[in-house]
Amino acid sequence: MDLTLSPAEHELQARARAYVQDVLQPLEVEFEQAGGRLSPEQGKALRRAAIAASLHGGTLPRELGGQGWTALEGVLAHEQLGQVTGGLWSYIPGAYNALVHCDPDQRRRYLDPSLRGERSGSYAITEDLAGSDARTLAATAVRDSSTGDYVLNGEKWFVTGSDDTDFMIFHCNLIDGERSLPTLFLVDYDTPGVRLQDDPDYMHTFADRHPQFVLEDVRLPASAILGRAGAADELTNEWFVEERIHIAARCSGAMERLLTLAVDWATKRVQFGQRIYDFQGVSFPLADSAADASAARLLTRECAWLVDNGADPKVVHAKASLAKLFASEAAFRCADRVVQVYGGRGYMREFAAERFFRELRVDRIWEGTSEIQRLIIARALEKRGVDRVVGQG
C-alpha cells in the first residue's frame, strides 16, 4: 500500500486548505457570536467561492456534475475541512451519494441544483423511538390503489441540513401487503403535510441545523421513490460508510489544527520564568495527541485506499468503523487536552479550542455511535477474520 500523494492530490489538498484558511476560518468568531447564522448574501458568497475552487460535488461522478474524486481525494479534502469550526464546510454545494441513483427527472429537480448551490437536501432516518436500530423505524409509505400515489406518515429527528435545505431523503417502510420494504422517497419541504415540528439548539454552533419533521398523509407519486422500492437499507449503508470515512478525516484535520494552535501558544506563553511547553504536564499530552492524530490519519487514508482498490465492501465497512471510532474518540481527547493547555482562555468561545471541544463531541454519536462502531468491528473480527480487519483487507 503506497500512500504517497501524487502532484494532483497535493494540489487538491492545497486548494481545500486555501478555501478553509482564506474563506471560512476568518468567519468563525463572527459565526459563533451570531448563534450559527450567516446572512443569505454571505452564504451565497461561500458557495460561489467553493464552486470557484472546484470543491463542490466532491466524490460524485463527473458525469453527474461532481468532481469525481477518489475516496482518498475525498479524505484529503475533508482533512482540510475539519480544520474549521462551526461546520462551515456545509456551505460547499454537494449532495448525498444516494442521489447518484436519481432518474433523469429527479436529477434535474434535485441533484443538479444542489451541485449549483441552489438547493440542499437532508437525510431523514432517525426517529423518536428508532436511532441505531433502523429495523425499528415506524415511518411508512402506503400505496393508494385509487390514485397510484403513496401516502407517507412518520416523525423524523435530527434532519440535518444547512440554511437552504428544502428537501429530504425520507427513509421509511413501504407497506406492500405482508411485506415491509425499506424505501427512500424524495420529499420537498413545501409538500402539503410536511411540518417542521421543532428546531432545537444543540451543544455545538453549526451551520447545519438538526430539526424534527412530521409527515402526515403526505401524498407523493411513485416517481418520488429514489432508487427502487426495498433498496433503502443498501443505499443508506453506502452513505454511512462514506460519511464515517469523512468524519474520521475531519477529526484528523481538527486534531492537526488544535495541535498547531496549542504548540504555538505553549511555546510563547511564559510562566515561572519559562515556556509552559517546557513543562511535561503541557507537552506530554500534546505528544500523545500527535500520536493519536497520526494514527487516525493513517487509519482513514488506508480505508480510502482500500475503497479505491476494490476491497471487499464488508471489510471496508469494518475499516470505516475502525477509522471513525478511533478518530472521533481521539479528537475529543485532543480538544480536551488543548483546552487545558490554554487554561482559562481555553474556556472562551473566541478561542478555537473551546469551539472544537463542543463540536467534536457529536462525532462520537452521529452516523453511528461509538458503541455501534464497536459492535460492527467486533462482528467483523469474527466473520471476516482478525487478519483482514486489522491488516490491509
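**Entry 1: the second largest cavity**

I started with the second largest cavity, which has a volume of about 30 Å³. A cavity here is a set of points, on a 1 Å grid over the protein atoms alone, where a 1.4 Å probe fits but cannot get out, and lining residues have an atom within 4 Å of a point. Grid points are joined across faces, edges and corners, and a volume is the space filled by probe spheres set on the points.

Before going on, I noted that this is a predicted model, with local features needing pLDDT of at least 70 and side-chain atom pairs counting only at pLDDT 80 or more, while totals for chains, interfaces and linings use all residues. Residues are numbered from 1 along each chain as its sequence is written, and side-chain values use heavy atoms, with hydrogens and water left out.

I then looked up the lining and found D105, Q106, R109, Y110, L186, S223 and A224. Helix 5 (residues 104-115) gives the largest share, 4 residues. Helices are DSSP runs of H or I with at least four residues, numbered from the N terminus. By class I have 3 nonpolar, 2 polar and 2 charged residues; Ala, Val, Leu, Ile, Met, Phe, Trp, Tyr, Cys and Pro count as nonpolar, Asp, Glu, Lys and Arg as charged, and the others, Gly among them, as polar.

**Entry 2: the largest cavity**

How many cavities of 30 Å³ or more are there? I get 2. The largest holds about 140 Å³ of space. It has 13 lining residues, and W89, F206, R250, L360 and D363 are the closest to its centre. Helix 6 supplies the largest share of that lining, 4 residues, and helix 9 also gives at least two. I sorted the lining into 9 nonpolar, 1 polar and 3 charged residues.

**Entry 3: helix 9**

Helix 9 (residues 352-359) was my next stop: it is largely enclosed by the rest of the structure, because 7 of its 8 residues are buried. Buried means under 20% relative accessible area with a 1.4 Å probe, protein chains only. I listed the buried ones as A352, A353, E354, R355, F356, R358 and E359. Their cover includes helix 2 (28-33), helix 6 (232-268) and helix 8 (313-342).

**Entry 4: L72**

Last, I checked L72, which sits in helix 4 (residues 71-81). Is L72 buried or exposed? At 7% relative accessibility, it counts as buried. Leaving out residues up to four places away in sequence, L72 touches L5, E9, R301, A304 and D308, where contact means heavy atoms within 4.5 Å. L72 and W89 are 17 residues apart along the chain, and their C-alpha atoms are separated by 18 Å.

How values were computed: Buried means under 20% relative accessible area, exposed over 50%, partly exposed in between (1.4 Å probe, protein chains only). On a 1 Å grid over the protein atoms alone, a cavity is a set of points where a 1.4 Å probe fits but cannot get out, and a pocket is an open set with protein on both sides within 12 Å along at least five of seven lines; lining residues have an atom within 4 Å of a point.
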